[in-house]
Amino acid sequence: MFSPQGAAVAGMPSPLDFEGATTVAQVVDDAETALAGSTGPAAPERTVRTAFWGFSVEVEAKVSKVVPQLSTLTWEPDGSGRMTIIAGVPYDPEDAVASNAAEVTSSGEVVTDLVMAPGDFYTPWTEVPGETRQDMIAILRAFGMPENPTAYDVELAFTSVLDQWTLTNAQHRELLGLLEEAQGGEALGVTKDRLGRDVSGVRVVSPDGAASDLILVSRDTGRIVGVERTVLIADEVYAAGSIISYRMWDIDEEAIR
(Lines give C-alpha, C1' and ligand atoms only; values in the text may rest on other atoms or scores of the structure.)
Protein backbone atom coordinates (compact mmCIF):
# COMPACT_ATOMS: atom_id res chain seq x y z
CA MET A 1 0.00 0.00 0.00
CA PHE A 2 2.96 2.35 0.41
CA SER A 3 3.95 4.50 -2.53
CA PRO A 4 7.74 4.33 -2.90
CA GLN A 5 9.34 7.40 -1.34
CA GLY A 6 10.44 9.67 -4.15
CA ALA A 7 7.88 8.41 -6.69
CA ALA A 8 5.46 11.15 -7.71
CA VAL A 9 1.82 10.47 -8.47
CA ALA A 10 0.72 12.10 -11.72
CA GLY A 11 -0.73 15.53 -11.10
CA MET A 12 0.49 15.71 -7.50
CA PRO A 13 3.56 17.32 -5.92
CA SER A 14 6.62 15.13 -5.55
CA PRO A 15 7.32 13.43 -2.23
CA LEU A 16 10.30 14.79 -0.36
CA ASP A 17 13.48 12.93 -1.26
CA PHE A 18 15.10 11.54 1.90
CA GLU A 19 18.70 10.39 2.26
CA GLY A 20 20.49 8.30 4.85
CA ALA A 21 19.39 5.62 7.26
CA THR A 22 18.40 6.49 10.80
CA THR A 23 16.03 5.57 13.61
CA VAL A 24 13.36 7.49 15.50
CA ALA A 25 15.60 7.36 18.57
CA GLN A 26 18.43 8.98 16.63
CA VAL A 27 16.12 11.67 15.24
CA VAL A 28 15.02 12.49 18.79
CA ASP A 29 18.60 12.44 20.12
CA ASP A 30 19.75 14.78 17.34
CA ALA A 31 16.77 17.06 17.98
CA GLU A 32 17.55 17.24 21.70
CA THR A 33 21.09 18.34 20.90
CA ALA A 34 19.85 20.98 18.47
CA LEU A 35 17.17 22.20 20.89
CA ALA A 36 19.77 22.68 23.60
CA GLY A 37 21.86 24.86 21.31
CA SER A 38 19.14 26.88 19.57
CA THR A 39 17.07 29.86 20.63
CA GLY A 40 13.33 29.39 20.94
CA PRO A 41 10.51 31.32 22.58
CA ALA A 42 11.21 32.14 26.22
CA ALA A 43 7.62 31.16 27.06
CA PRO A 44 4.72 29.58 25.16
CA GLU A 45 2.98 32.08 22.89
CA ARG A 46 -0.65 32.35 21.82
CA THR A 47 0.54 33.47 18.40
CA VAL A 48 1.15 31.04 15.54
CA ARG A 49 2.35 31.70 12.01
CA THR A 50 1.54 28.89 9.61
CA ALA A 51 2.09 28.16 5.95
CA PHE A 52 -0.34 25.54 4.78
CA TRP A 53 -1.39 23.94 1.55
CA GLY A 54 -4.36 21.97 0.41
CA PHE A 55 -5.96 20.84 -2.80
CA SER A 56 -9.01 22.41 -4.39
CA VAL A 57 -10.60 19.56 -6.31
CA GLU A 58 -13.45 19.71 -8.81
CA VAL A 59 -14.33 16.03 -9.06
CA GLU A 60 -16.64 16.22 -12.06
CA ALA A 61 -14.29 18.43 -14.02
CA LYS A 62 -11.28 16.40 -12.87
CA VAL A 63 -9.43 19.62 -12.07
CA SER A 64 -7.25 20.21 -9.02
CA LYS A 65 -5.16 23.15 -7.88
CA VAL A 66 -2.69 23.54 -5.07
CA VAL A 67 -3.87 26.41 -2.88
CA PRO A 68 -1.18 27.75 -0.52
CA GLN A 69 -2.14 30.12 2.29
CA LEU A 70 -0.19 31.99 4.95
CA SER A 71 -1.85 32.72 8.26
CA THR A 72 -1.21 34.52 11.53
CA LEU A 73 -3.34 33.60 14.54
CA THR A 74 -3.24 35.51 17.81
CA TRP A 75 -5.68 34.78 20.63
CA GLU A 76 -6.33 35.56 24.28
CA PRO A 77 -7.50 33.41 27.24
CA ASP A 78 -10.98 34.94 27.00
CA GLY A 79 -11.42 33.56 23.49
CA SER A 80 -10.84 36.84 21.69
CA GLY A 81 -8.25 37.15 18.98
CA ARG A 82 -7.50 37.76 15.34
CA MET A 83 -6.73 35.55 12.36
CA THR A 84 -5.32 36.96 9.14
CA ILE A 85 -4.94 34.75 6.07
CA ILE A 86 -3.05 35.84 2.98
CA ALA A 87 -3.68 33.88 -0.21
CA GLY A 88 -0.81 32.24 -1.94
CA VAL A 89 -0.68 31.97 -5.70
CA PRO A 90 -2.55 28.78 -6.73
CA TYR A 91 -0.78 26.53 -9.18
CA ASP A 92 -1.40 23.43 -11.24
CA PRO A 93 0.09 20.54 -9.23
CA GLU A 94 1.70 19.15 -12.35
CA ASP A 95 4.00 22.19 -12.33
CA ALA A 96 5.37 21.07 -8.95
CA VAL A 97 6.19 17.48 -9.88
CA ALA A 98 9.66 18.30 -11.22
CA SER A 99 10.73 19.90 -7.94
CA ASN A 100 10.47 19.01 -4.29
CA ALA A 101 9.84 22.65 -3.47
CA ALA A 102 6.21 23.67 -3.22
CA GLU A 103 5.75 26.96 -5.01
CA VAL A 104 4.73 29.05 -2.03
CA THR A 105 4.33 32.62 -3.16
CA SER A 106 2.24 35.22 -1.40
CA SER A 107 -0.22 37.02 -3.65
CA GLY A 108 -0.46 39.84 -1.11
CA GLU A 109 -4.23 39.40 -1.10
CA VAL A 110 -5.77 39.27 2.37
CA VAL A 111 -8.60 36.75 2.05
CA THR A 112 -9.49 36.64 5.74
CA ASP A 113 -9.08 39.24 8.47
CA LEU A 114 -11.18 37.86 11.27
CA VAL A 115 -11.41 39.76 14.54
CA MET A 116 -12.81 37.50 17.24
CA ALA A 117 -14.75 38.79 20.21
CA PRO A 118 -14.39 37.14 23.63
CA GLY A 119 -15.70 33.59 23.41
CA ASP A 120 -15.41 33.33 19.62
CA PHE A 121 -12.17 31.35 19.60
CA TYR A 122 -12.43 27.85 21.04
CA THR A 123 -9.56 25.95 22.50
CA PRO A 124 -9.55 23.08 25.00
CA TRP A 125 -6.50 24.62 26.70
CA THR A 126 -6.38 28.31 27.63
CA GLU A 127 -3.70 28.47 30.33
CA VAL A 128 -0.01 28.70 29.56
CA PRO A 129 1.22 25.07 29.56
CA GLY A 130 4.17 23.96 31.64
CA GLU A 131 7.31 22.36 30.27
CA THR A 132 7.42 18.94 31.94
CA ARG A 133 6.52 15.59 30.40
CA GLN A 134 3.32 15.47 32.45
CA ASP A 135 2.42 18.99 31.33
CA MET A 136 2.71 17.90 27.69
CA ILE A 137 0.70 14.73 28.31
CA ALA A 138 -2.03 16.86 29.87
CA ILE A 139 -2.31 19.28 26.96
CA LEU A 140 -2.15 16.48 24.37
CA ARG A 141 -4.98 14.66 26.13
CA ALA A 142 -7.00 17.87 26.12
CA PHE A 143 -6.53 17.89 22.35
CA GLY A 144 -7.73 14.31 21.97
CA MET A 145 -4.77 12.02 22.63
CA PRO A 146 -5.98 8.77 24.23
CA GLU A 147 -4.29 6.83 26.98
CA ASN A 148 -1.70 4.38 25.61
CA PRO A 149 -1.41 6.34 22.37
CA THR A 150 0.20 5.27 19.13
CA ALA A 151 2.74 7.55 17.48
CA TYR A 152 -0.05 8.60 15.12
CA ASP A 153 -2.23 9.61 18.10
CA VAL A 154 0.60 11.71 19.52
CA GLU A 155 1.15 13.39 16.16
CA LEU A 156 -2.52 14.22 15.64
CA ALA A 157 -2.72 15.83 19.07
CA PHE A 158 0.46 17.87 18.83
CA THR A 159 -0.50 19.04 15.33
CA SER A 160 -3.64 20.58 16.86
CA VAL A 161 -1.59 22.08 19.70
CA LEU A 162 0.96 23.62 17.32
CA ASP A 163 -1.88 25.18 15.32
CA GLN A 164 -2.75 27.21 18.45
CA TRP A 165 0.48 27.55 20.43
CA THR A 166 4.09 28.39 19.64
CA LEU A 167 5.84 26.22 22.22
CA THR A 168 9.27 26.46 23.84
CA ASN A 169 12.22 24.26 22.98
CA ALA A 170 11.78 22.36 26.24
CA GLN A 171 8.19 21.56 25.28
CA HIS A 172 9.22 20.38 21.81
CA ARG A 173 11.74 18.09 23.47
CA GLU A 174 8.99 16.49 25.54
CA LEU A 175 6.68 16.13 22.52
CA LEU A 176 9.42 14.30 20.60
CA GLY A 177 10.10 12.07 23.58
CA LEU A 178 6.42 11.12 23.77
CA LEU A 179 6.42 10.40 20.04
CA GLU A 180 9.38 8.04 20.45
CA GLU A 181 7.83 6.31 23.47
CA ALA A 182 4.53 5.70 21.69
CA GLN A 183 6.15 3.46 19.06
CA GLY A 184 4.97 3.07 15.49
CA GLY A 185 7.01 5.83 13.86
CA GLU A 186 9.38 5.19 10.96
CA ALA A 187 12.44 7.39 10.48
CA LEU A 188 13.08 8.29 6.84
CA GLY A 189 16.42 10.12 6.91
CA VAL A 190 17.13 13.77 6.10
CA THR A 191 15.96 16.18 3.41
CA LYS A 192 14.94 19.79 2.84
CA ASP A 193 11.33 20.71 3.50
CA ARG A 194 9.19 22.71 1.11
CA LEU A 195 10.47 25.96 2.55
CA GLY A 196 14.09 24.91 2.03
CA ARG A 197 14.85 24.03 5.66
CA ASP A 198 17.03 21.05 6.59
CA VAL A 199 14.82 18.48 8.31
CA SER A 200 14.60 14.88 9.48
CA GLY A 201 11.44 12.92 8.75
CA VAL A 202 9.37 10.50 10.80
CA ARG A 203 6.36 8.81 9.22
CA VAL A 204 3.33 7.59 11.17
CA VAL A 205 0.38 5.67 9.71
CA SER A 206 -3.31 5.97 10.59
CA PRO A 207 -4.87 2.93 12.30
CA ASP A 208 -6.96 2.10 9.22
CA GLY A 209 -3.94 2.32 6.94
CA ALA A 210 -5.66 4.88 4.73
CA ALA A 211 -3.15 7.69 5.24
CA SER A 212 0.25 8.51 6.64
CA ASP A 213 1.56 11.71 8.18
CA LEU A 214 5.14 12.83 7.77
CA ILE A 215 6.54 14.73 10.75
CA LEU A 216 9.35 17.14 9.89
CA VAL A 217 11.91 18.04 12.56
CA SER A 218 14.35 20.89 11.97
CA ARG A 219 17.98 19.82 11.86
CA ASP A 220 19.01 23.32 12.91
CA THR A 221 16.67 23.99 15.82
CA GLY A 222 15.36 20.52 16.77
CA ARG A 223 11.80 21.86 16.66
CA ILE A 224 8.83 20.19 14.96
CA VAL A 225 8.31 22.41 11.92
CA GLY A 226 5.81 20.61 9.70
CA VAL A 227 3.47 17.76 8.87
CA GLU A 228 2.50 16.39 5.45
CA ARG A 229 -0.30 13.94 4.70
CA THR A 230 -0.19 11.19 2.06
CA VAL A 231 -3.07 9.00 0.90
CA LEU A 232 -2.14 5.31 1.06
CA ILE A 233 -5.41 3.76 -0.11
CA ALA A 234 -6.97 5.15 -3.28
CA ASP A 235 -10.47 6.64 -3.12
CA GLU A 236 -12.78 8.37 -5.60
CA VAL A 237 -10.69 11.56 -5.49
CA TYR A 238 -7.07 10.62 -4.80
CA ALA A 239 -4.76 7.91 -6.02
CA ALA A 240 -2.61 5.99 -3.56
CA GLY A 241 0.56 7.97 -2.91
CA SER A 242 -1.06 11.38 -3.39
CA ILE A 243 0.26 14.11 -1.09
CA ILE A 244 -2.84 16.08 -0.18
CA SER A 245 -1.82 18.62 2.45
CA TYR A 246 1.06 20.36 4.15
CA ARG A 247 1.35 22.39 7.33
CA MET A 248 4.50 24.31 8.26
CA TRP A 249 5.22 26.17 11.49
CA ASP A 250 8.02 28.42 12.76
CA ILE A 251 7.53 30.69 9.77
CA ASP A 252 9.44 33.99 9.63
CA GLU A 253 7.19 36.98 10.09
CA GLU A 254 8.49 38.48 6.83
CA ALA A 255 7.00 35.55 4.90
CA ILE A 256 3.48 36.25 6.17
CA ARG A 257 2.83 39.33 4.05
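Visitor: What makes you say that both faces of β7 are covered?

Guide: This is a predicted model, and the answer rests on computed accessibility. On one side of β7 sit Ala-211, Asp-213, Ile-215 and Val-217, and all are buried.

Visitor: Why is Ser-212 called buried?

Guide: Buried means under 20% relative accessible area. Ser-212 has 4%, so the label holds. The residue lies in strand β7.

Visitor: Which residues does Ser-212 touch, leaving aside those up to four places away in sequence?

Guide: Arg-203, Val-204, Val-205, Glu-228, Arg-229, Thr-230 and Leu-232. A touch here needs heavy atoms within 4.5 Å.

Visitor: How do you know that β6 and β7 pair?

Guide: Pairing takes at least two bridges. β6 and β7 have 7, so they pair, and the sense is antiparallel. Within this pair, Gly-201 stands opposite Leu-216 of β7. The hairpin of β6 and β7 has 5 residues between the strands. In that hairpin Gly-209 takes a positive phi near 75°.

Visitor: What joins β7 to β8?

Guide: Again 7 bridges, with the strands antiparallel. The cut-off is at least two, so β7 and β8 count as paired. Leu-216 stands opposite Gly-226 in β8. The hairpin of β7 and β8 also has 5 residues between its strands, and Gly-222 there has a positive phi near 80°.

Visitor: Which residues touch the most other members of the largest nonpolar core?

Guide: Leu-140, Val-154, Phe-158, Leu-179, Ile-215 and Ile-224. The core holds 38 residues. Its members must be buried, nonpolar and joined through side-chain atoms within 4.5 Å.

Visitor: Which elements give two or more residues to this core?

Guide: The helices α1, α2, α3 and α4, and the strands β2, β6, β7 and β8. The largest share, 7 residues, comes from α3.

Visitor: What does Ile-215 touch, beyond residues up to four places away in sequence?

Guide: Its contacts include Phe-158, Leu-179 and Ile-224. They also include Glu-155, Ser-200, Gly-201, Val-202, Val-204 and Gly-226.

Visitor: What does the second core include?

Guide: Leu-16, Trp-53, Leu-70 and Val-199 are among its 14 residues. This core is separate.

Visitor: Which residues of α2 are buried, and what covers them?

Guide: Met-136, Ile-137, Ile-139 and Leu-140 are the buried ones. Their cover includes α3 and α4. After α2 comes Gly-144, with a positive phi near 105°.

Visitor: How many helices and strands does the protein chain have?

Guide: It comes to 4 helices and 9 strands. From the N terminus the order is α-β-β-β-β-α-α-α-β-β-β-β-β.

Visitor: How many of the residues count as buried across the protein chain?

Guide: 47% of the 257 residues. Each of those falls under 20% relative accessible area. The chain exposes about 11,900 Å², and carbon and sulfur atoms supply 50% of that.

Visitor: What share of the contacts with a separation of 6 or more links residues 24 or more positions apart?

Guide: 61% in the protein chain.

Technical notes: Residues numbered from 1 in each chain as written. Predicted model: local features only at pLDDT ≥ 70, side-chain atom pairs only at ≥ 80, totals over all residues. Heavy atoms only, no water. Buried < 20%, exposed > 50% of the residue type's maximum accessible area, 1.4 Å probe, protein only. Areas by Shrake-Rupley, 256 points an atom, 1.4 Å probe, with all protein chains shown as cover.
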